Amino acid sequence: MRRFLAVLIVVVAAIAGGVGAEAQSNGGSTSTVGTTKSPKGRCQFPSSRALGLIISQEAKSLYLKQGYTQALVTARVAVKKPLMTALSRGNVAGLGAISITPGSPLLVKIAANAGGTPIELGCNAEAEITTVVTLTDAFGVRTTGRSVSKVIVQGAFN
């Protein structure tokens with residue numbers, strides 16, 4: 001996790017205008033070559049509530065256009081909690097080259113945001129959207145229905 005945060009700080013520094021970072025000594029401790037562990041992350045969807053509200057509003061509008069006098073639509077989005085996943089450079093969009101400066105091995109150069117592409121640490125997660133609809137027609141007859149849809153949502157590693 002510390003290495004992931006260090007890389008994240010270097011990337012943020014590169015975005016803010018710095019093009020290199022200098023390595024800091026870790027107080028004299030030695031590191032062994034070849035024992036790096038890949039960072040792990042959990043894919044999380046930022047706002048299930050917002051997606052549910054958008055779906056509810058759109059569906060209600062469609063029912064009212066079809067002539068129903070009242071339409072109550074609720075949508076609940078349940079995103080499955082994925083297991084921890086190993087992160088790699090392949091998970092990052094917008095990150096260009098990472099290189100060590102020749103002649104000055106303590107400087108790491110990071111190229112990012114080519115063409116204005118934002119750096120994203122994206123992922124996908126499975127979700128289940130449950131909608132409950134209560135309709136009232138012109139004659140005052142009420143009907144209720146429920147449906148479940150399985151979808152893939154785009155999230156971010158956390």
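How many aromatic pairs does the count come to? The count comes to one aromatic pair, where rings of Phe, Tyr and Trp (its six-membered ring) pair if their centres lie within 6.5 Å. Welcome to a predicted model, in which local features need pLDDT of at least 70, side-chain atom pairs count only at pLDDT 80 or more, and totals for chains, interfaces and linings use all residues. Residues are numbered from 1 along each chain as its sequence is written, and side-chain values use heavy atoms, leaving out hydrogens and water.

**The aromatic pair**

- Tyrosine 63 and tyrosine 68 have ring centres 6.0 Å apart and planes at 80°, so the pair is edge-to-face (planes over 60 degrees apart; under 30 is stacked and the rest tilted).
- Tyrosine 63 has a relative accessible area of 24% and is partly exposed, and tyrosine 68 is partly exposed too, at 28% (buried is under 20% relative accessible area, exposed over 50%, partly exposed in between, with a 1.4 Å probe and protein chains only).

**The nonpolar cores**

- The largest nonpolar core has 11 residues, among them Cys43, Leu87, Ile129 and Phe157 (a core is a set of buried Ala, Val, Leu, Ile, Met, Phe, Trp, Tyr and Cys residues joined through side-chain atoms within 4.5 Å).
- Strands E4 (70-79), E9 (120-136) and E10 (142-157) each supply at least two residues of this core, and E9 gives the largest share, four residues (helices, H or I with at least four residues, and strands, E with at least two, are DSSP runs numbered from the N terminus).
- A second, separate core of five residues includes Ala59, Ala71, Val73 and Val133.

**Helix H2**

- Helix H2 covers residues 48-65 and reaches 26 Å from its first C-alpha to its last, close to the 26 Å expected at 1.5 Å a residue (the expected span is 1.5 Å times one less than the number of residues).
- Gly52, Ser56 and Ala59 are the buried residues of H2, and they fall within an arc of 75° seen down the axis, so they line one face of the helix (the arc is that of the directions from the helix axis to the C-beta atoms).
- These buried residues of H2 pack against E4 (contact means heavy atoms within 4.5 Å).

**Strand pairing**

- E9 and E10 run antiparallel and are joined by 15 bridges (strands pair if DSSP finds at least two bridges between them).
- E9 and E10 form a hairpin with five residues between them, and glycine 140 in the turn has a positive phi of about 85°.
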